[in-house]
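Here is a short briefing on one structure. Look it over first, then read the notes below.

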Amino acid sequence: MLCKCLLKNASQIVQITNDSTIKIKKGKEQNEIEIIKNGSMIIDLNGKIKFIGTNEQLENYLKEHENIKFEKEIDCSGKSIIPGLVDSHTHPVWNGDRCHEFVMKLQGATYMQIHQMGGGIGFTVRHTRQSTIDELFELLIKRLKTMITNGTTLVEGKSGYGLETETEIKMLQVLHKANQQNISLKIPEIVSTYLGAHSVPKDKKLDEYTNEIINQQIPAIKEAMEKGLIGPSLIDVFHEKGVFETEETKRVLLEGKNKLGLNINFHGDELNPMKSAELSYELDALAVSHCEHISDEGIKCMAEKSICATLLPTTAYILRIEYPPARKMIDNGVPVVLATDFNPNAHCMSLPFVMNLSCVNMRMTLNEALVATTLNAAASIGKSDTHGSLHVGKVGDC
C-alpha cells in the first residue's frame, strides 16, 4: 500500500478538536483546542488523512500494515502541525491599483466619500471589466501563491468587480479555472462566491440594478454553472446604507439560494447598523461578514442558530473605524471567524497577521484566533466536513 506522506515525530499535532463530529466551536469551546503530543500523521494518495495519533500508536499501526510505503517521509521533530489556515473572505480577482486612495484616507476621506467620487469599488470595476481572463488569472495566481506561503490552504474568493453579467461570469470563470488546477499550481483550494450585488453602478438606480441581477445575472450564472464553466457555492450582497438596502439584499440572497442552490454568506453591519445579523437569522445564512455595528439582538440571533460572524480587522484598521465587538460575540455564544478581506482597499494576504491584530486589538485569545481561522472559518463557507481540523478522512492540508 502506497501513501503520499508520513509526518513523524511532531512535538505537537494541533487537531483543534478530537471529536470528528464537531463542525464549529463557539463560546468557551472556541478557546479549547485538542493537542496530540509527540505525534505522527499519514496522508494517503488522495490527500486525505489516513492515520493520526501518537508516535507509539504509529508503531503499532505500521506493524499491522507491514506493506505500507510512503512517497515522502518528513521528520517534524521540534515542530507543530496545525490544520491549513482557511481564509473565508477575500476579493482576489481584480485589476487596477488603488494605492492613491491610501493618501486620500490619510487626509481624512471616508470609505463612502471615496466611493461617491468614483473611487473604491467603482475604480476597480472599470479596470476589471477591461481585463481579459488570462490577465486576471495571472494576477490571481500570484496572490494565491503569496497566501499559501502564509499558511492558507483553503480560500474563499468572490466576484463583485464586474457589476454586469459578462464580467461577473468572467471573474467566476477565473476562480473556477484556478481551483481546477490548484494542486499542479501549488495554490490553495478555492470556494467561489457570486457577489454581483457588491455595489450599484453609477449609471443605474438600486431597484433597476437589483432587477438586472435577478432577471439577467442569476439566469446567466445558472446556465454557466450547468455548462460546468463556473462553480460558485455561496452568494453574497453588500448590505449597507446607500448601497443595497434590506429589501433588495433579501431579494437577491433568496434568489441565489432558491434558483442557484447557493448558501448565504454576506457583508453586513459594517459602516452602519443595518440589522444584518437579524436578517441572517431570518434567511438561515452560514455567516455575516464585518459586524462592526452588530446589535445585541443580532448577537442573540446569530448565537441561537450558530451563524458565523466573520470579522475582518484589517478593514477596521485601514478605514480607522471601530473594531467589531469580538469579545462580546464570543462571550455570548456567536462562533467567530477571522479573515483577511484581501482586496484593493485592504491589501493583506496573511492570516497570521490578522490573528495577531485580533488578539491585540479585539482581545481574542491565541486559541480563539486559531479556531477562528481553521474550523470556524471552514464552517462559515460550508467546508468544515472536510477542512479545518485534523481527523482521519479529512483533507490533509496541514
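Is Gln-30 buried or exposed? Gln-30 is buried, because its relative accessible area is 0%; buried means under 20%, exposed over 50% and partly exposed in between, with a 1.4 Å probe and protein chains only. This is a predicted model: local features need pLDDT of at least 70, side-chain atom pairs count only at pLDDT 80 or more, and totals for chains, interfaces and linings use all residues. Residues are numbered from 1 along each chain as its sequence is written, and side-chain values use heavy atoms, leaving out hydrogens and water.

**Gln-30**
- Gln-30 sits in the loop between β1 (2–16) and β2 (34–43); helices (H or I, at least four residues) and strands (E, at least two) are DSSP runs, numbered from the N terminus.
- Beyond its neighbours within four places in sequence, Gln-30 has contacts that include Lys-25, Ile-330, Met-364 and Asn-376; contact means heavy atoms within 4.5 Å.
- Gln-113 is 83 residues from Gln-30 in sequence and 38 Å away in space, C-alpha to C-alpha.

**Helix α10**
- Helix α10 (residues 276–283) is largely enclosed by the rest of the structure, because six of its eight residues are buried.
- The buried residues are Ser-276, Ala-277, Glu-278, Leu-279, Ser-280 and Leu-283.
- They pack against α9 (246–260), β10 (263–268), β11 (287–290) and α11 (296–305).
- Asp-284 follows α10, with a positive phi near 55°.

**Lys-186**
- Lys-186 lies in the loop between α7 (182–185) and β8 (189–197).
- Lys-186 counts as exposed because its relative accessibility is 65%.
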